[in-house]
Structures are given as C-alpha cells and as structure tokens.
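Hi there,

Here is the structure I promised to pass on. My notes on it follow below.

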Amino acid sequence: MSVHIERGHRTWLLRSRGGRVSILLRRRPVIVVAALLLAAAAVAVVSLGVGDYVVPIPDVVATVFGFGDSRSQLVVWGWRMPRVLLALALGAALGAAGAIFQSLTRNPLGSPDIIGFDSGAYVGALLVITTVGTGYLVVAGGALVGGLATALLVYVLAYRRGFQGFRLIIVGIAVSAMLASVSTWVILNTDLNIALAASAWGSGSLNAVGWAQATPAVVILVALWGIAAVLSRGMHALEVGDDAAVALGVRTGRVRLRLVVLGVAFTATATAAAGPIAFVSLAAPQLARRLTRSAGVTLSGSAAMGALLLVVSDLIAQRIFAPSQLPVGVITVALGGAYLIWLLISEARRR
C-alpha cells in the first residue's frame, strides 16, 4: 500500500492513496520519540563495549551487524547483549504500564509500583519460585496472576459509586504495604539459598540474565505491544471522559478492563525477568509528556523514555562501583525517589 505524506503546521498526515486510511502525527512528539530512541541506542552501544574486557565502539557496531571477530562476538552477543536488550525491552514495558495506569487514574502518581500492582506481581512470582521452580514462563504466570489479583482487590476496595483516581492510589499504597509484609514472610519461611536469591532478585536486578530470560521476555513483550497498538485509541478516548468516549464508539467498561490486564501483563513480564524495578513506570510517562508537550501521556513516548531510563540506570549500576555490580533497582530507586519528591511538591503547588 502506497502512502502519501501531507505536511501541515506542526503536523504530518499519512494517507493511503485511496484515502481509506489516514494517520495524523504531531511533529514534536515524533521528533522527541525518535531522539529518545537514538539516545537509548547510543547508551546501549556504550554498555556493550564497557566492562572488564573493553570493546571499542566501532568494533561493537561491526559486531552487532555480524562483522566482528570471534572474541568480540562472544563478549558482545554472548555475554552483554541479553542484558542490554532486556534493559531496553523492560524499560519500554514499564514506561508503557505507567502510561496506562496514569491515563486510567488521570493522576501522575497512578503507576503500578505506587498502587501496588508491582508488589502483587512480585508476591505472585515469589510464591511460584519458592514452591514450584524458577522457569521463566512459570514465574511470569505467577507474576501475572498476582498482579491481576492485586488489581482486582484494589479496584474493589476503591470502588464507591464509581472510581476516583486519588482514592485508588491511596488504597493501592495501603495494599502495597501489606503485600511487602507478605513477601518478607515468604522469604523468611523458605530455604536459605532460595531466600538469598529471592532477596537479591527482589531488588530488581539484571546482573545474571542471559538469553534464557531475554528471549521469552522479548517475545512476550512484542506480542503485548501489538495489543497496546490496538488499545491506544481507546485509552486516549477515555481521557476526555466516559460520555465523550461513548460518543466516539468506545465501550468504556470493556476497554478499561483490557487496559488494566495489559498494564498488569507488562508489569508482570518485567517482574518475572528482573524482579520489581521501581519508579521507571512513575517517571517515564511524565518526563515524556513534558518533552513532547502532549495533553496527556502517550504509550510511544513513555516507552521510549522508559527504555532510556532503564538502560542508563543499568549502565550506572554496572560501572559506579566496578568491578562490583549493583542491582539496577537500587539506581532507579535513588533517581526515582528524588523525582517523586519533586512531583509531589509540584502537584501540591499546582493544587
């Protein structure tokens, strides 16, 4: 299908030759998303090159495209690529999950790590690890069930003649605190070796990941992104109110339920691969919204910002105390805590 591009004032209109399909794009968001993706790719290349065995940047680029020598192939593709690829993919997933829940709650604090869905996915994964095993698909299933159960509990407790974003956030914080005590109890009552591994994993870590974790996670996330592309129109329609969304032909209840399941699936996939990584879901959508100057959060901008934030945080985690490596969750908590303080102050001033 051939595509015709029409340039307007700060917009691009992509229209099929027959006129049956058209997409309106604002220039600034497109440019910002492209810049964020290029920045994330640049940091990824640096991450592939640094370490105990340094690979020069030109050699990294050549190796990525299959022209490096055998040693560079081993270092770049065998050792480092799974970690870098997973950092990019999980960052994008967490950014998208944050955008979904901030859009549904219409509140910049409405991210899965604040309202408890992250904690629920962690408890579900932890119960599977301590009782069944550590296979990725099994752990991902446990994380998904835990996240969905938490989402149902939070929505039931927060419902009172409809939903209010602020009430849901307060209930979510309370549920998250209770789930933290449950995860501590599970760790204290399991085998010592499993408890130690679960505790390290619970900080949010990419230190020991390989292709066994990266491959299924990326495959699942690609499928989820296909679903997200279909649901994005409904998500933005809900932001203008249920009445307007119904007028546009959106079935609000069904779309809202699908978005919740999708957001939890993004969070659960990331949690199963690397443990709970805090604050990326909170910060990425709002930072992207400010850069794009959009009226609301967007999936593409949030995902691009999330990928950049996590790959930068992981590079810091690897090199700040080299040769020792920190869990990436330690870095995101440190950076995200400062962002949360700024966000709370700015929201208080605005109100």
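Before the rest, some background. This is a predicted model, so local features need pLDDT of at least 70 and side-chain atom pairs count only at pLDDT 80 or more, while totals for chains, interfaces and linings use all residues. Residues are numbered from 1 along each chain as its sequence is written, and side-chain values use heavy atoms, with hydrogens and water left out.

Thr 332 sits in helix α13 (residues 328–350); helices are DSSP runs of H or I with at least four residues, numbered from the N terminus. Leaving aside residues up to four places away in sequence, the contacts of Thr 332 include Ile 277, Phe 279 and Leu 310 (contact means heavy atoms within 4.5 Å).

Helix α4 (residues 117–131) is largely enclosed by the rest of the structure, because twelve of its 15 residues are buried. Among them are Phe 117, Tyr 122 and Ile 129.

Of its 96 residues, Leu 90 and Phe 266 touch the most other members. Helix α3 (residues 70–105) gives the largest share of this core, 16 residues. Not counting residues up to four places away in sequence, Phe 266 touches Ala 93, Ile 100 and Trp 225, among others.

Best wishes

Notes. Helix = DSSP H or I, 4+ residues; strand = E, 2+ residues; numbered from the N terminus. Buried < 20%, exposed > 50% of the residue type's maximum accessible area, 1.4 Å probe, protein only. Core = buried A, V, L, I, M, F, W, Y, C linked by side-chain atoms within 4.5 Å.
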